Amino acid sequence: MGTTIKYIVKDKQAVVRTILENLPEWFGIASAREEYIADSAQQTMFAAFNQNKPVGFLCLKETGKATIEIQVMGVLKDYQRLGIGRKLFSEAKSWAVLQGYSFMQVKTVQMGRYKEYDVTNAFYRSLGFKEFEVFPNLWDEWNPCQVYIMSL
């Protein structure tokens with residue numbers, strides 16, 4: 001499949017909205033989804049396109065002088081498991097290294113809670129992320145926050 005990854009400067013919120021509104025299993029809480037969309041305007045962003053149609057994206061947020069976080073990431077269902085997430089991550093990781101970051105982190109729902117998030121956890125582990133810490137009530141008691149980290 002001929003997808004291209006691009007560093008995005010304009011129309012970030014439109015791309016994020018297009019993807020997240022089509023992934024209700026992961027982004028079904030409207031207030032959280034709208035926060036991700038709003039915040040994306042200020043974040044470093046990479047997006048995957050198939051014939052000029054956005055099919056995935058990844059936003060980065062600095063969380064410390066040495067640490068960058070995958071703030072939000074999504075790939076449309078029809079394009080999942082085709083390597084697009086890995087390509088987005090690879091571009092983001094290369095960019096982070098060039099910017100001088102030492103660590104990358106990502107947060108997701110702890111393994112064993114929901115099937116969709118178990119797939120997400122397995123994806124991040126396959127990229128080389130390691131379990132760092134669980135915050136049982138960061139989001140709410142039904143969604144314990146798993147923090148993964150990797151050295152760049």
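Residues are numbered from 1 along each chain as its sequence is written, and side-chain values use heavy atoms, with hydrogens and water left out. Because the model is predicted, local features need pLDDT of at least 70 and side-chain atom pairs count only at pLDDT 80 or more, whereas totals for chains, interfaces and linings use all residues.

Helix α1 spans residues 12–20, where helices (H or I, at least four residues) and strands (E, at least two) are DSSP runs numbered from the N terminus. Its buried residues are K12, V15, V16, I19 and L20, buried meaning under 20% relative accessible area with a 1.4 Å probe and protein chains only. Viewed down the axis of α1, these residues fall within an arc of 120° and so line one face of the helix, the arc being that of the directions from the helix axis to the C-beta atoms. The buried residues of α1 pack against the strands β1 (3–8), β2 (44–50), β3 (53–64) and β4 (67–75), and also against the helices α2 (24–27) and α3 (30–40), contact being defined by heavy atoms within 4.5 Å.

Strand β5 (residues 103–109) has five of its seven residues buried, so it is largely enclosed by the rest of the structure. β5 pairs with β4 in the parallel sense over four bridges, pairing of two strands requiring that DSSP find at least two bridges between them, and Q105 in β5 stands opposite E69. In helix α5 (residues 115–126) lies T120, which is buried at a relative accessible area of 15%. When residues up to four places away in sequence are not counted, T120 touches W26 and T108, and the side chains of T120 and W26 are joined by a polar contact of 3.2 Å, that is, a pair of N or O atoms within 3.5 Å, one able to donate a hydrogen and the other to accept it, with residues adjacent in sequence counting only if both atoms are side-chain atoms.

The structure holds seven aromatic pairs, in which rings of Phe, Tyr and Trp (its six-membered ring) have centres within 6.5 Å, planes under 30 degrees apart counting as stacked, over 60 as edge-to-face and the rest as tilted. The rings of Y124 and F129 have centres 5.8 Å apart and planes at 80°, so this pair is edge-to-face. Y124 is buried at a relative accessible area of 7%, and F129 is buried at 2%.

Conventions: Buried < 20%, exposed > 50% of the residue type's maximum accessible area, 1.4 Å probe, protein only.
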